[in-house]
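User: Hey, I've just been handed this one and I'm new to it. Could you walk me through it?
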Protein chains: 2
Amino acid sequence: MQGTRDYNPKQMAIREKVFSTITRCFKRHGAETIDTPVFELKETLTGKYGEDSKLIYDLKDQGGELLSLRYDLTVPFARYLAMNKITNIKRYHIAKVYRRDNPAMTRGRYREFYQCDFDIAGQYDAMIPDAECLKIVHEILSELELGDFRIKVNDRRILDGMFAVCGVPDDKFRTICSTVDKLDKMSWDDVKKEMVNEKGLSEEAADQIGSYVGLHGGMDLAERLLLDPRLSQSKQACAGLSDIKLLFSYLQLFQVTDKVEFDLSLARGLDYYTGVIYEAVLTQAGAAPASSDAQNGSEEGVSVGSVAGGGRYDGLVGMFDPKGRKVPCVGVSIGIERIFSIMEQKAEASAEKVRTTEVQVLVASAQKNLLEERLRLVTELWNAGIKAEVMYKKNPKLLSQLQLCEETGIPLVAILGEQELKDGVVKLRVVATREEVDINRSDLIAEIKKRTSEA
Amino acid sequence: MQGTRDYNPKQMAIREKVFSTITRCFKRHGAETIDTPVFELKETLTGKYGEDSKLIYDLKDQGGELLSLRYDLTVPFARYLAMNKITNIKRYHIAKVYRRDNPAMTRGRYREFYQCDFDIAGQYDAMIPDAECLKIVHEILSELELGDFRIKVNDRRILDGMFAVCGVPDDKFRTICSTVDKLDKMSWDDVKKEMVNEKGLSEEAADQIGSYVGLHGGMDLAERLLLDPRLSQSKQACAGLSDIKLLFSYLQLFQVTDKVEFDLSLARGLDYYTGVIYEAVLTQAGAAPASSDAQNGSEEGVSVGSVAGGGRYDGLVGMFDPKGRKVPCVGVSIGIERIFSIMEQKAEASAEKVRTTEVQVLVASAQKNLLEERLRLVTELWNAGIKAEVMYKKNPKLLSQLQLCEETGIPLVAILGEQELKDGVVKLRVVATREEVDINRSDLIAEIKKRTSEA
């Protein structure tokens with residue numbers, strides 16, 4: 001099927017490693033997890049995704065409710081909070097979402113793909129949860145060892161304030177914002193053309209926007225802009241800039257400012273953001289396949305793809321509450337498919353073989369007619385919690401049993417033979433060294449446990 | 001939405017415990033894992049599920065391929081094997097499947113639900129992989145401590161042979177088989193009525209079937225039936241009976257015959273089975289909600305619901321191979337939703353509180369204006385891999401910080417105060433005992449690790 005893929009055991013082994021790193025981080029920060037159905041009522045998704053709504057997969061009307069496959073995990077989360085009247089929670093959710101997009105599989109873009117979301121809902125003191133989300137992105141990208149990265153930060157209120165002081169009409173804020181969002185893929189000249197020619201903005205307003213969106217820096221830039229004669233006219237922009245300052249002070253305490261940058265060109269497409277927004281990109285050339293449609297070769301440190309993004313959305317939960325009660329939320333979504341692609345490429349390039357099972361010992365026989373003895377022994381091992389296998393053959397050759405171990409990376413072989421059975425021992429063979437040692441049957445389990453815990 | 005549910009953090013904690021028990025067992029037996037998309041081409045699912053095909057969820061035709069949500073994990077597995085020309089694999093797959101069934105949520109029946117499948121594909125010596133599947137069911141149901149259970153075993157070839165010698169016309173085998181399958185929910189009288197009145201079977205043939213489907217026992221029953229004057233006329237039945245004998249000999253070595261019973265009434269609805277079939281039921285009254293539509297109160301040891309089932313399907317992969325090449329398969333599916341329901345009821349009945357996070361320590365402050373110090377300390381802990389939280393407030397009261405620990409089960413509190421900061425110590429409080437001890441800042445991480453590994 002277009003834009004989907006099966007995962008084979010090797011890919012799954014990599015995927016599980018990535019998930020476990022991410023889950024460990026989410027749990028380290030005290031998150032609970034929830035799950036929601038893969039489909040939602042169609043109306044739940046309506047009007048949440050702006051121009052991208054056309055990418056939603058609908059289920060066929062088979063005489064019931066009108067259902068759509070979830071487009072992200074944020075809207076189902078907001079629906080869940082409103083429906084259960086939950087006013088504070090820190091939760092993660094790792095699950096598949098669906099978009100009828102043009103698949104670009106080489107760049108890790110699929111129609112079915114995983115999202116790994118972490119969100120903090122609740123009325124808290126400003127910027128503390130927001131800073132923790134960035135800390136989490138920093139931890140995950142560092143632990144996954146994907147190469148260097150940068151986390152861009154901005155605020156919707158700064159963007160709106162900037163649009164206002166640059167003379168963008170109120171009703172064009174969202175559509176101009178969408179165009180600014182393309183700056184990571186298009187040059188400023190092309191973005192400006194779209195603003196003027198397609199969106200009908202005045203050339204003058206566009207140029208004023210242009211003078212801002214090239215700016216990036218740290219807390220110092222926020223301080224400078226608070227003194228900017230035009231931008232400081234906007235209350236909204238000032239609120240955003242003050243929060244950026246506060247955010248950076250917390251990020252310093254979290255020891256993550258090395259990677260975080262305040263960047264006025266960051267816009268993010270989704271409608272529901274109301275405050276801080278952020279996006280993490282890998283900057284190391286070669287770490288990821290450079291996107292072929294990116295025309296930003298002129299920029300220093302070419303970005304090779306967004307791997308995480310998020311922001312604050314204080315209005316979304318209220319859209320699902322009958323009385324419109326708001327629950328402030330901030331969250332981040334890890335772009336896991338691109339990370340898989342990179343990890344897969346790394347695994348292929350590396351000499352080390354990816355094991356797809358965890359079997360510790362193969363129960364083998366050196367002679368014929370020992371199936372029953374093998375089954376008896378493997379039962380003992382299973383019952384003791386040891387990961388073990390036998391070949392499903394009455395009389396397998398010893399060589400083919402040893403080959404199976406080589407192929408699948410099983411480290412130990414417990415070999416039974418007539419003599420061993422008589423002597424009450426098992427020959428334990430270490431596959432890597434070919435060392436063999438006779439172990440008393442009663443000591444075998446302890447011996448295997450000792451040897452596999454060392455490894 | 002009808003027949004679906006969100007999982008809250010408490011349910012997820014239970015679910016993850018069940019999954020981890022099951023996954024541990026699958027891995028102990030050397031299984032790899034794969035994943036497939038949630039939807040398949042509609043044609044892939046067509047003609048695989050008999051009368052149940054009407055329960056398949058279709059996606060809306062939005063100008064692309066015709067897609068359906070997967071109905072089980074077996075057909076996608078077979079499609080995967082054929083497409084990738086895989087001739088042997090031992091894999092597990094835990095994922096959601098979809099059926100437009102009448103939901104009966106109180107009995108753990110949903111339209112979206114998890115399946116946990118384990119399958120062995122490959123040409124092997126008879127009954128060894130089949131026996132391992134039963135060993136796995138035995139291990140999982142024992143480890144989950146769901147109460148007593150029974151695993152019923154039969155063989156499609158025995159059923160077909162039985163139908164043949166009882167005078168069922170060839171073209172009625174499948175439909176009569178579906179009726180026999182209802183014996184766990186209907187009395188024999190009602191089943192007979194359906195055979196005669198709805199399926200048009202002769203009364204005589206039905207009575208002959210009736211004389212067989214009441215039989216159950218162990219290896220001895222298979223031996224007896226091999227000498228049965230009528231049944232032994234059927235080559236098919238004899239092949240099935242010999243395999244049941246062989247199966248039981250392996251089950252003895254696997255030490256699981258205490259729970260396994262050869263039962264001629266077991267039929268299983270799906271079309272694709274070709275050999276051994278089995279089904280596990282919980283037998284302990286009260287362990288599970290008794291199904292309200294079950295009319296089998298007269299039977300001894302009333303079965304309260306199937307929790308696992310499977311069998312051999314040697315023809316399914318060949319249906320997806322352009323040249324019809326067959327790959328013999330045998331597998332088992334764990335009915336996880338019913339198990340969740342039981343575990344949830346148990347958790348509710350138990351006094352012990354289910355923790356939904358794994359946080360080991362809350363970083364708290366005894367006075368005002370210590371937010372920065374708290375953030376600095378929690379960063380140290382996170383960077384050392386400790387699961388830690390702070391309250392997202394500038395100046396939380398100590399009491400509310402301690403209450404948070406009580407509510408969410410956080411065992412330790414690291415308390416900062418002016419004096420502690422001056423002395424270079426942290427007050428470590430054990431929530432359960434209220435014991436407090438000053439720890440040197442440089443020893444804190446080691447101390448927390450020591451105390452949480454003890455717990």
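User: Let's start with a pair of helices. At what angle do α7 and α8 of chain B pack, and how far apart are their axes?
Analyst: Bear in mind that this is a predicted model. In chain B, α7 (residues 188–198) and α8 (residues 203–213) pack at about 145 degrees, and their axes are 10 Å apart.

User: Is that crossing right-handed or left-handed?
Analyst: The crossing of α7(B) and α8(B) is right-handed.

User: Which residues meet there?
Analyst: From α7(B) you have B:Trp188, B:Lys192, B:Met195 and B:Val196. They meet B:Glu203, B:Ala206, B:Asp207, B:Ile209, B:Gly210 and B:Val213 of α8(B). By type, the residues of this contact split into 6 nonpolar, 1 polar and 3 charged.

User: OK, new topic: chain A. How many helices and strands does it have?
Analyst: Chain A has 16 helices and 16 strands. Its C-alpha trace spans about 95 × 55 × 40 Å along the principal axes, and 57% of its 455 residues count as buried.

User: What about contacts between residues at least 6 apart in sequence, what share joins residues at least 24 apart?
Analyst: In chain A that share is 69%.

User: And the sheet, in what order do its 9 strands come?
Analyst: The order in chain A is β1-β4-β5-β11-β10-β9-β6-β8-β7, in an open sheet with mixed pairing. At the edges stand β1 (32–33) and β7 (216–217), and each has a single partner strand, so one side of each lacks a neighbour in the sheet.

User: How does β7(A) pair with β8(A)?
Analyst: They pair in the antiparallel sense, over 2 bridges, with β8(A) covering residues 260–263. A:His216 is placed opposite A:Asp263 of β8(A).

User: Further in, there's β6(A). How many of its residues are buried?
Analyst: For β6(A), residues 149–155, the count is 7 of 7. A:Phe149, A:Ile151, A:Val153 and A:Asp155 point one way, while A:Arg150, A:Lys152 and A:Asn154 point the other way, and all are buried.

User: Which way does β6(A) run against β9(A), and how many bridges join them?
Analyst: Those two run antiparallel, joined by 7 bridges, and β9(A) spans residues 276–282. One facing pair is A:Asn154 with A:Ile277 in β9(A).

User: And with β8(A), is the pairing parallel or antiparallel?
Analyst: β6(A) and β8(A) pair in the parallel sense, over 3 bridges. Here A:Val153 stands opposite A:Phe262 of β8(A).

User: Which strands does helix α1(A) lie across?
Analyst: Helix α1(A), residues 9–28, lies across β4 (89–98), β5 (112–121) and β11 (329–334) of chain A. The helix runs at about 5 degrees to β5(A).

User: Through what surface do the copies meet?
Analyst: Through the same surface, because 100% of the interface residues of chain B are also interface residues in chain A.

User: Last one: B:Glu40. Buried or exposed?
Analyst: B:Glu40 is buried, at a relative accessible area of 1%. This residue lies in β2(B), residues 39–41.

User: What is B:Glu40 in contact with, leaving aside neighbours within four places in sequence?
Analyst: From chain A there is A:Met1. In chain B, the contacts of B:Glu40 are B:Leu45, B:Leu66, B:Leu67, B:Ser68, B:Pro76 and B:Arg79.

Methods: Residues numbered from 1 in each chain as written. Chains lettered and ligands numbered in written order. Predicted model: local features only at pLDDT ≥ 70, side-chain atom pairs only at ≥ 80, totals over all residues. Heavy atoms only, no water. Pairing = 2+ DSSP bridges. Helix = DSSP H or I, 4+ residues; strand = E, 2+ residues; numbered from the N terminus. Contact = heavy atoms within 4.5 Å. Axes fitted to C-alpha atoms, helices over the stretch in contact; angles between N-to-C directions. Left-handed = near helix turned anticlockwise from the far one by under 90°. Nonpolar A, V, L, I, M, F, W, Y, C, P; charged D, E, K, R; others polar. Buried < 20%, exposed > 50% of the residue type's maximum accessible area, 1.4 Å probe, protein only.
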